[in-house]
Amino acid sequence: MAPARRPAGAPWSLLCAGLLMAAAGLVPRVPRAPSGGRVRAEPPPGNEPPAGCAQSRAGPATRPPEPTTGPTHSIDPRDTWRLFVRQSDKGVNGKRGGRGKAKKLKLGLPGPPGPPGPQGPPGSNVLPDVLLKEFQLLLKGAVRQRERTEPEPCTRGPATVLDTTPEDYEEAAGAAGVLALLAAPLAPAPRAPRVEAAFHCRLRRDASVERRALHELGVYYLPHAEGAFRRGPGLNLTSGQYTAPVAGFYALAATLHVALAEQPRRGPPRPRDRLRLLICIQSRCQRNVSLEAVTGLESSSELFTISVNGILYLQPGQYTSVFLDNASGSTLTVRSGSHFSAVLLGV
């Protein structure tokens, strides 16, 4: 039986098919895009995620992952990093956002003050003796510290004479005075003795003094004002005489406000026209010791003040009073409000 004959164009068609198959095997496969049809863009230079982060989460990136045919719900770390980089350039971190003024926080009105805290415990009572001892210890410590810092004088070798100037003595005296002033309030001082006899009174009404006359003032009153005082017996407000209750040293003072009642008949005041204010014992201004003040009238105005003060020793039962000697040629008036006072200093 004769063999069947092949068609004339069969070898060429087989050759072409073999070439096509060889060419298809040499061409590399191109991975298809994801199912969503979106192609991921490569990040710009400088925004690459850290190598450690990418390797720790996704492993070594030797080749891109094979695309999956089905839908995926996993989160790619590289996409998350790119989204973070894009969002970090917006808002306050952006180039334009930082130029604006920062928003100021609007705070409300302050609330009412809170209640006061609890009162602390009372402090301890420190006696002056304890304070004085502590101050003395401080002074001793300061002296010792100064002795340590100052160089010691040389005791060997030729003797030297130290020059001590008066300024050194004054400086030492001044330092001692300062220490005495600092320690004086802390030192236990003796209690001041009680004043047993004292008074302060004022003239109740005007008193007229004739020319060339010696007039004893009287009719006083005790003012009801701050600073007025009266202690002990002996004051007669009507006669103006103060009788000493005990023997001792008395400080006495008197101040009179005098006015010229009329102009002198013989013209302006002369140099011999004068006034004498006296505080006398037993009304004997010439015989007993008295306190005296003298003023002239040639340079005085129509109203002037004359005062006298001093210390007298009085026996029990002796009295003192205020006298005004008008040695001028005109009548004078002692105004109300003039005062007389005395204090027992001691026996």
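**Exercise 1.** In which helix do Trp-81 and Phe-84 both lie, and how many residues apart are they?

Solution. Both residues belong to helix 3 (residues 77-88), where a helix is a DSSP run of H or I with at least four residues, a strand is a run of E with at least two, and numbering starts at the N terminus. Trp-81 and Phe-84 are 3 residues apart, about one turn of the helix. The model is predicted: local features need pLDDT of at least 70, side-chain atom pairs count only at pLDDT 80 or more, and totals for chains, interfaces and linings use all residues. Residues are numbered from 1 along each chain as its sequence is written, and side-chain values use heavy atoms, with hydrogens and water left out.

**Exercise 2.** Classify the ring pair of Trp-81 and Phe-84, and the accessibility of each residue.

Solution. Step 1: apply the ring criterion, by which rings of Phe, Tyr and Trp (its six-membered ring) pair if their centres lie within 6.5 Å; planes under 30 degrees apart are stacked, over 60 edge-to-face, and the rest tilted. A search of the whole structure gives 6 aromatic pairs. For Trp-81 and Phe-84 the centres are 5.8 Å apart and the planes are at 40°, so this pair is tilted.
Step 1: apply the accessibility cut-offs (buried under 20% relative accessible area, exposed over 50%, partly exposed in between; 1.4 Å probe, protein chains only). Trp-81, at 27%, is partly exposed, while Phe-84, at 52%, is exposed.

**Exercise 3.** Characterise the pair of Phe-249 and Tyr-313.

Solution. Step 1: the centre-to-centre distance is 4.9 Å and the angle between the planes is 65°, which makes the pair edge-to-face.
Step 1: Phe-249 is in strand 8 (residues 248-260) and Tyr-313 in strand 11 (residues 303-314), so the pair links distant parts of the chain, 64 residues apart.
Step 2: Phe-249 has 40% relative accessibility and counts as partly exposed; Tyr-313, also at 40%, counts as partly exposed.

**Exercise 4.** Which strands pair with strand 1?

Solution. Step 1: two strands pair if DSSP finds at least two bridges between them. Strand 1 runs antiparallel to strand 5 (residues 230-231) over 2 bridges, to strand 14 (residues 339-346) over 5 bridges, and to strand 4 (residues 220-221) over 2 bridges.
Step 1: read off partners. Phe-199 is opposite Arg-230, Cys-201 is opposite Phe-340, and Leu-203 has Tyr-220 as bridge partner.
Step 2: Phe-199, Tyr-220 and Phe-340 are among the residues that ring pairs link into a cluster, with Tyr-242 and Tyr-250.
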